Amino acid sequence: MFRDIADDLDNYSLTPDTFLDVPFVPTDESAVEAMLSLAKVGPNDVLYDLGSGDGRILITAARDRDTRGIGIEVDPQRIADAMDEASWAGVECLVDFVEEDIFTADIREATVVTMYLLETVNLQLRPKLLDQLRPGTRVVSHAFDMADWVADDRLRVAGSNIYLWIIPAQIEGEWQWDMTDGTTYRLALKQRFQEITGKAFLGDQERRLERTRLRGNRLEVAIRAEGAESPDFFLLEFEENMLIAVDLCAPF
């Protein structure tokens with residue numbers, strides 16, 4: 001579908017005021033499909049591609065998954081190429097390409113963000129991703145990770161790694177809830193990205209916090225009472241810095 005624009009680079013020069021943080025290298029189409037599949041991109045998503053190049057990630061998502069998308073790209077020639085490709089594919093009503101710096105663009109609307117940048121650029125973007133994106137938003141990077149922010153999932157396609165992160169809710173602090181039998185649980189949590197540690201209490205007695213798993217705004221915890229053969233498993237749901245629901249859940 002996509003002409004190999006990389007072959008045209010010898011005949012193309014940037015305008016003097018255009019600065020590229022990352023050289024343009026088209027994403028292999030098998031990697032594009034892997035990125036979209038790993039993030040479970042669908043028709044209800046809003047996909048932002050940071051450094052969208054020839055637009056192939058957004059165009060593929062629009063064509064195959066009916067997904068609305070926004071491409072952020074600093075190079076006006078790439079934007080023109082992407083718009084031509086979108087028109088040729090018949091998805092120009094679903095995608096748009098914006099000439100803007102990826103570091104200043106507003107990406108709050110995104111439910112999925114895709115990137116094929118460099119690790120240094122990923123790390124520069126990391127604070128913005130964590131600050132602007134809502135908990136549960138999926139971030140997918142082709143080839144480059146984000147150092148000590150460990151990916152929630154990854155796979156290997158065509159010789160490259162594809163990384164997935166799920167933006168975590170900020171839940172560090174103390175949380176308490178009452179069960180229907182009148183018992184009170186309390187958690188004192190510390191957080192680094194999606195990694196959660198801390199202490200658990202049943203009433204005034206400390207209990208062992210055996211496992212935690214944070215995915216977006218949903219935290220699963222395993223709390224074992226002294227002498228118990230197995231822990232109790234809870235699912236906690238957070239919204240806007242509030243604990244809004246607690247349920248028993250299956251072991252994880």
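The legends below describe close-up views of a predicted model.

Residues are numbered from 1 along each chain as its sequence is written, and side-chain values use heavy atoms, with hydrogens and water left out. Because the model is predicted, local features need pLDDT of at least 70 and side-chain atom pairs count only at pLDDT 80 or more, whereas totals for chains, interfaces and linings use all residues.

View 1. The domain assignment, which is automatic or taken from a database, gives domain 1 (29-167) and domain 2 (173-246). Their C-alpha centres lie 34 Å apart. Contact, meaning heavy atoms within 4.5 Å, joins 11 residues of domain 1 to seven residues of domain 2. The buried area is about 700 Å², and carbon and sulfur atoms give 51% of it; this is the accessible area (1.4 Å probe) that two parts lose on being put together, summed over both. Within domain 1, Asp148, Asp152 and Ile166 lose the most area to domain 2, together accounting for 50% of what that side buries.

View 2. Two salt bridges are found between domain 1 and domain 2, each being a side-chain nitrogen of Lys or Arg within 4 Å of a carboxyl oxygen of Asp or Glu. The side chains of Asp148 and Arg192 meet in a salt bridge, with an N to O distance of 2.1 Å.

**View 3. Surroundings of Thr111.** Thr111 lies in the loop between strand E3 (95-99) and strand E4 (112-115); helices (H or I, at least four residues) and strands (E, at least two) are DSSP runs numbered from the N terminus. A polar atom of the Thr111 side chain lies 2.9 Å from the backbone nitrogen of Val46. Leaving aside residues up to four places away in sequence, Thr111 touches Asp45, Val46, Arg134, Thr137 and Arg138.

View 4. Lys40, in the loop between helix H1 (29-38) and strand E1 (46-50), has a phi near 55 degrees, a positive value in a residue other than glycine. Lys40 counts as exposed because its relative accessibility is 67%, the classes being buried under 20% relative accessible area, exposed over 50% and partly exposed in between (1.4 Å probe, protein chains only). Asn241, in the loop between strand E13 (232-239) and strand E14 (242-248), has a positive phi of about 65 degrees although it is not a glycine. Asn241 is exposed, with a relative accessible area of 61%.

Notes: A polar contact is a pair of N or O atoms within 3.5 Å; within protein, one must be able to donate a hydrogen and the other to accept it, and residues adjacent in sequence count only if both atoms are side-chain atoms.
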